[in-house]
Amino acid sequence: MKSRCVFSTPDLAAARAAMEAALRAGIPDNDISLIARDDIEHDDIPDHLMTGRTDFYPAALRGVACGGGTGVVLGLVAVAIPPLGVTLAGAGAIAVAAAAMGCWTGALVGSEVPDVIHRKFKAEIAAGRILVVIDGNKERLSLAEPAVESTGATHLPFHAHTMLT
């Protein structure tokens, strides 16, 4: 499982230096991304380096889990009530339909909620600093973190496991 860590840099040149240090430490290019204020992102940062700005995918996954779980319970209750005549296949269909509905609802809600990094470091982003986000396994991050810090980037208090990278 990968973990995610975040560094703050004062400008794009410092962010590029931090990214180069992470690359030299063995972090693949697709595991490094940048977060900045809208005007900085649009003008200076290539699209492939920007992270998603919303909680869309995590919210969709939570919706599948919650909707599917609710659908299983409702399907089994429907099977247990004889007058309804629901079979186990019908209960499975109820679970799948509820998971799909949960996914759709979660994704809609998540598309309007900023992701956790944008929420936690809102002041850093608003101040014009550029955040360098690095995903990697424990061994690679143990090499990359000191290398990135040696460029002058500030290691921010954020470590999280991520399944979506």
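# Legends to close-up views of a predicted model

The accessible surface of the chain comes to about 9,200 Å², and 65% of that area belongs to carbon and sulfur atoms; accessible areas come from the Shrake-Rupley method with a 1.4 Å probe, and for residues only the protein chains shown count as cover. This is a predicted model, in which local features need pLDDT of at least 70 and side-chain atom pairs count only at pLDDT 80 or more, whereas totals for chains, interfaces and linings use all residues. Residues are numbered from 1 along each chain as its sequence is written, and side-chain values use heavy atoms, with hydrogens and water left out.

**View 1. Overall arrangement of the chain.** The chain holds 7 helices and 4 strands, where helices (H or I, at least four residues) and strands (E, at least two) are DSSP runs numbered from the N terminus. Their order along the sequence is β-α-β-α-α-α-α-α-β-α-β. Of the 165 residues, 39% count as buried; buried means under 20% relative accessible area, exposed over 50%, and partly exposed in between (1.4 Å probe, protein chains only). Among contacts between residues at least 6 apart in sequence, 76% join residues at least 24 apart, a contact being heavy atoms within 4.5 Å.

**View 2. Strand S3 and its pairing with S1 and S2.** S3 pairs with S1 in the antiparallel sense over 7 bridges, and S2 also pairs with S3 in the antiparallel sense, over 4 bridges. Two strands pair if DSSP finds at least two bridges between them. In S3, Ile134 is the bridge partner of Cys5 and also of Ile32. Ser33 stands opposite Val133 in S3.

View 3. S1 is mostly covered, with 7 of its 8 residues buried.

View 4. A search of the whole structure finds 3 salt bridges, each defined as a side-chain nitrogen of Lys or Arg within 4 Å of a carboxyl oxygen of Asp or Glu. Side chains of opposite charge can pair when their charged atoms come close. In this view Asp135 forms a salt bridge with Arg4, the closest N and O atoms being 2.7 Å apart. Asp135 lies in strand S3 (residues 130-136) and Arg4 in strand S1, so the pair ties together parts that are 131 residues apart in sequence. Asp135 is also the bridge partner of Arg4 in S3. Asp135 is buried, at 5% relative accessible area, and Arg4 is buried as well, at 19%.

**View 5. The salt bridge between Lys2 and Asp31.** The side chains of Lys2 and Asp31 meet at 2.9 Å, N to O. This pair links distant parts of the chain, 29 residues apart: Lys2 is in strand S1 (residues 2-9), and Asp31 is in the loop between helix H1 (12-24) and strand S2 (32-35). Lys2 counts as partly exposed at 26% relative accessibility, while Asp31 is buried at 8%.

**View 6. The salt bridge between Glu124 and Arg129.** The closest N and O atoms of Glu124 and Arg129 are 3.1 Å apart. Glu124 is partly exposed, with 24% relative accessibility. Arg129 is partly exposed too, with a relative accessible area of 25%.

View 7. A disulfide is a covalent bond between the sulfur atoms of two cysteines. A search of the whole structure finds 0 disulfides, the criterion being a pair of cysteine sulfur atoms within 2.5 Å. Cys5 is buried, its relative accessible area being 1%, whereas Cys66 is exposed at 53%.

View 8. Val73, Val77, Ile81 and Leu84 make a nonpolar surface patch of about 340 Å². Patches are made of residues with over 30% relative accessible area and no salt bridge; like charges are joined within 9 Å, and nonpolar side chains (Val, Leu, Ile, Met, Phe, Trp, Tyr) within 5 Å. Val73 lies in helix H3 (residues 56-80). Arg24, in helix H1, is exposed, with a relative accessible area of 65%. Arg24 and Ala147 are 123 residues apart in sequence, and their C-alpha atoms are 8.4 Å apart in space.
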